[in-house]
Amino acid sequence: TTAINFHIPGNGHVSIDILNDCGQVIDILVNRQLAFGDHTVNWNSINHPAGLYLYRMQFEGFSKVQKMMILH
């Protein structure tokens, strides 16, 4: 399990997707309204092979992409 910690500066819609190394969405972790503040979401990668993944967070027009390396 990988924990993704994030902060949002106000109430609003948040989406967090996991993408494979080809840019395909393989999991949707969050797709809902969240309140202002700090949050943590967990991704269980047990059903996916070890390797490089990306997570994309979107909030009210802002988008951020981060790399993750999964090792089993």
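Buried here means under 20% relative accessible area, exposed means over 50%, and partly exposed is in between (1.4 Å probe, protein chains only). By that rule Gly-12 counts as buried, at 3% relative accessibility. Welcome to a short tour of this predicted model, in which local features need pLDDT of at least 70, side-chain atom pairs count only at pLDDT 80 or more, and totals for chains, interfaces and linings use all residues. Residues are numbered from 1 along each chain as its sequence is written, and side-chain values use heavy atoms, with hydrogens and water left out.

- Strands (E, at least two residues) and helices (H or I, at least four) are DSSP runs, numbered from the N terminus.
- Ile-16 touches Phe-6, Asp-27, Ile-28, Leu-29, Val-30, Val-41, Tyr-55, Arg-56 and Met-57, not counting residues up to four places away in sequence; contact means heavy atoms within 4.5 Å.
- As background, nonpolar side chains tend to be buried together in soluble globular proteins.

**Strand pairing and hairpins**

- S2 and S3 pair in the antiparallel sense over 8 bridges, and two strands count as paired if DSSP finds at least two bridges between them.
- Within this pairing, Val-14 has Arg-32 in S3 as its bridge partner.
- The S2 and S3 hairpin has 5 residues between its strands, and Gly-23 in the turn has a positive phi of about 85°.
- S5 and S6 also pair in the antiparallel sense, over 9 bridges, and here Tyr-55 has Gln-66 in S6 as its bridge partner.
- The hairpin of S5 and S6 has 2 residues between the strands.
- Glu-60 is in the loop between S5 and S6 and has a positive phi of about 45° although it is not a glycine.
- With 54% relative accessibility, Glu-60 counts as exposed.

- Gly-12 has its place in strand S2, and its C-alpha atom is separated by 6.5 Å from that of Glu-60, 48 residues apart along the chain.
- Not counting residues up to four places away in sequence, Gly-12 touches Arg-32, Gln-33, Leu-34, Phe-59 and Glu-60.
- Ser-15 is also placed in strand S2 and is buried, with a relative accessible area of 10%.
- Leaving aside neighbours within four places in sequence, Ser-15 is in contact with Val-30, Asn-31, Arg-56, Met-57 and Gln-58.

**The salt bridge**

- The count comes to 1 salt bridge, defined as a side-chain nitrogen of Lys or Arg within 4 Å of a carboxyl oxygen of Asp or Glu.
- The side chains of Arg-56 and Asp-17 form this link, at 3.0 Å from N to O.
- The pair joins distant parts of the chain, with Arg-56 in strand S5 and Asp-17 in strand S2, 39 residues apart.
- Arg-56 is partly exposed, with a relative accessible area of 23%, whereas Asp-17 is buried, at 9%.
- In general, side chains of opposite charge can pair when their charged atoms come close.

**Toward the surface**

- Leu-52, Met-69 and Leu-71 make a nonpolar surface patch of about 340 Å².
- Patches are made of residues with over 30% relative accessible area and no salt bridge; like charges are joined within 9 Å, and nonpolar side chains (Val, Leu, Ile, Met, Phe, Trp, Tyr) within 5 Å.
- Accessible areas come from the Shrake-Rupley method with a 1.4 Å probe, and for residues only the protein chains shown count as cover.
- Met-69 is in strand S6 and is exposed, with a relative accessible area of 55%.
- Ile-26 lies in strand S3 and counts as partly exposed, at 27% relative accessibility.
- Leaving aside neighbours within four places in sequence, Ile-26 is in contact with Ile-18, Leu-19, Asn-20, Trp-43, His-48 and Tyr-53.
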